[in-house]
Amino acid sequence: MRLTSVTHLRLPYGTLLGYDVAVGRTGHPVPVSFDQRRHVGRGDRPGSWMAITCRLPAVDLDALAGAWLAVLRRHGTLRTVFSPGPDGPRLHEVDLRPGRWVTHPVAPGQAVDDAVRRMLDERCTPYAAPSHRLCVILTADRPTLVVAADHAHVDMWSLLVVLRDLVQGLGGTLPPGTVRPFAEHTAALAGREPAPDEVRQRWAEILAAGGDVMPRFPLPLGELTPAPPERVEVRDVLGVDDCALFERRARRSGVSTLALVTSVMTRTTRELAHAPLRAVFPVHSRYDDRWHGSVGWFITNAVIDARDPDPRACADAVREAVRLGSWPLDDVLAPWGGMPEAPGMFAISWLDLRRLPVRIDHAGLDAQYVSSAGDADGVMVWFILDEAGLHLRCRYPDTDEARENVGAWLDRVVDGVRSSAHPAGADVVLAGDRLVVDRATRADVAAVVALLSGSGDADADDDDPDLAPYEEAFDALDRDPGRFLAVARAGDGRVVATVQLTILPGPALRGATRLQVEGLRVAVGWRRRGVGSALVEWAHEHGRARGAVLARAGDTAGDGPHRFLARLGYEPDRAGYTRPL
């Protein structure tokens, strides 16, 4: 699921409706978190919200309003409002009741994106009551839903929870009862023991290295006072198969995917700025499963200090950052009077949606995270990892210097991540011979066809020189994210083996994802050297990286393939030969 900006949305034209809940009396006060106090204390302003959008089947507006009210009843966090107080923002419970749909006009010549942006800038501010909004765009096609809230009440995980619960409410499957509100988490965090001395000392060291303020982007950004307008870049860094290759490289290095990306960022920062990678590093504070289904700002800020681009050193830096953010920041940052921010602040965020316990059908719903737009005096980089691959969004000041320097940094990081997936991490070494396994390209079609034709020689002349039908088939295969045509290349670049892999999700086996392995061929001169076995083992690793739990082999006619597959752990069943991954 991509993270985009309201300025990049391209919403369809239609009737724009918003649901006005009726606001009743104010109830009990509840505690305000460290980050809520910072955020809300800056006052009402446009661009303080975040949202999630999706497309629904045709929906009855009364049913949609009823489902939304059920979500509000379930989440106490969404039934709280801020108000100014003598010592900072105060937070109280509030009674929310059924309301009505209202039409928001779209002016002549105005894009729907802009109308939505202006409406949310007005309705979803820190002190608004309430500071969240349900909107729907009615078109001749499927309606588009927009759910937004001021950041003080939600984070990206929370938006997934809200959308999941709203869809369940529409389907009549929302569980009864309520979940723990964020205010309970705030109270529990405040009751924890203060940070140990070594944590305080490490915070002091990192802040002192940057002039006693939070880390700043290490290259010039231009004039930042007043804050310039923002520029937002959204990039798809890795597709699903390249992401699997990258994760394979990370596993072989003994680190996480995040640590390997951090390694690339650290090396880039060293090369361009001759400085270590220092950045604000948000970490989630849902420290146990009590909070997995709750809504709130379950994010706290840490700092990462990565000096050595070695992946294991970067893994240590990530672990340290998580530990630095695991303590109440009110206490840790008290010597600086709170979080010591300065223009140019640099922050890096990471979210692996595949590992969250909250799931939605984001592809079927065409769901997107949406950020607001406004001014920017710092650099914020978000990485999102999902079933479609690795995506990046960056917000930075729109100055000439920032365009040049942040752009160069992003280019180098993206190139570094992509090059880390190819070819490193995909090596097969056999008796001193190094083969590189990679996705086939159109230029490899002739060699693959020669291997599949039965000649056993990728360099053999084909009696049929017309490759057009094979290239058309390859193009169709290459566009399908569930298929991967792999080739193994010798040191001189020649294709010496090939195998086709297909990722098969489905309802069988309790929804388990399967890996289909077929079309395995090895050139004559490379047979009986373990190439086929090594390539199948490589395929198994690729399948695991794509979430497959079972492998099924095709092309199994004859005794030879059966013996070969048996050596690799396959067993016969009614559908062929399978083995668990």
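These notebook entries record what I looked up in a predicted model, from its cavities to its helix packing and a few backbone details.

**Conventions.** I number residues from 1 along each chain as its sequence is written, and I use heavy atoms for side-chain values, with hydrogens and water left out. Since the model is predicted, local features need pLDDT of at least 70 and side-chain atom pairs count only at pLDDT 80 or more, whereas totals for chains, interfaces and linings use all residues.

**Entry 1, cavities.** A cavity here is a set of points, on a 1 Å grid over the protein atoms alone, where a 1.4 Å probe fits but cannot get out, and its lining residues have an atom within 4 Å of a point. Grid points are joined across faces, edges and corners, and the volume is the space filled by probe spheres set on the points.

The largest cavity holds about 70 Å³, and I listed its lining as M1, L160, L353, V358, R359, I360, H362 and E387. Sorted by class, that lining has five nonpolar, one polar and two charged residues, where Ala, Val, Leu, Ile, Met, Phe, Trp, Tyr, Cys and Pro count as nonpolar, Asp, Glu, Lys and Arg as charged, and the others, Gly among them, as polar.

For the second largest cavity I noted a volume of about 50 Å³ and a lining made of W68, L78, H132, V147, A148, A149, V154, L159 and V162. Two elements, β7 (144–150) and α4 (156–171), each give two or more residues to this lining, and β7 supplies the largest share with three residues. Helices (H or I, at least four residues) and strands (E, at least two) are DSSP runs numbered from the N terminus. The lining of the second largest cavity contains eight nonpolar residues, one polar residue and no charged ones.

Axes are lines fitted to C-alpha atoms, for helices over the stretch in contact, and angles run from 0 to 180 degrees between N-to-C directions.

I recorded the crossing of α2 past α4 as right-handed, meaning that the near helix is turned clockwise from the far one by less than a right angle, with anticlockwise giving left-handed. On the α2 side the contact (heavy atoms within 4.5 Å) uses A63, L64, A67, W68, V71 and R74, and on the α4 side V162, D165, L166, G169 and L170. This contact comprises eight nonpolar, one polar and two charged residues.

Helix α7 (residues 240–252) meets helix α8 (residues 257–273) at an angle of about 90°, with the axes 8 Å apart, which makes α7 roughly perpendicular to α8. F246, E247, R249 and A250 of α7 form the contact with T257, L260 and V261 of α8, and I counted these by class as four nonpolar, one polar and two charged.

The angle between α6 and α9 is about 115°, and their axes lie 10 Å apart, so α6 is roughly perpendicular to α9. Here I noted a left-handed crossing, in which E198, V199, R202, W203 and I206 of α6 meet E320, R323 and L324 of α9. The class division is four nonpolar, no polar and four charged.

While on helix α9 (residues 311–324), I also looked up R312, which belongs to that helix. Leaving aside residues up to four places away in sequence, R312 touches S253, G254 and V255, and the C-alpha atoms of R312 and S253 are 7.5 Å apart although 59 residues separate them along the chain.

I found the peptide bond from A129 to P130 to be cis, with omega near -5°, and P130 sits in the loop between α3 (112–123) and β6 (132–138). The bond from T225 to P226 is cis, with omega near 0°, and P226 is in the loop between α6 (197–209) and β8 (230–238). Lastly, R10, in the loop between β1 (3–5) and β2 (15–30), has phi near 60°, a positive value in a residue other than glycine.

Notes:
1 Å grid on protein atoms, 1.4 Å probe; cavity = no way out; pocket = protein on both sides within 12 Å on 5 of 7 lines; lining within 4 Å. Parallel < 35°, antiparallel > 145°, perpendicular 65-115°, else oblique.
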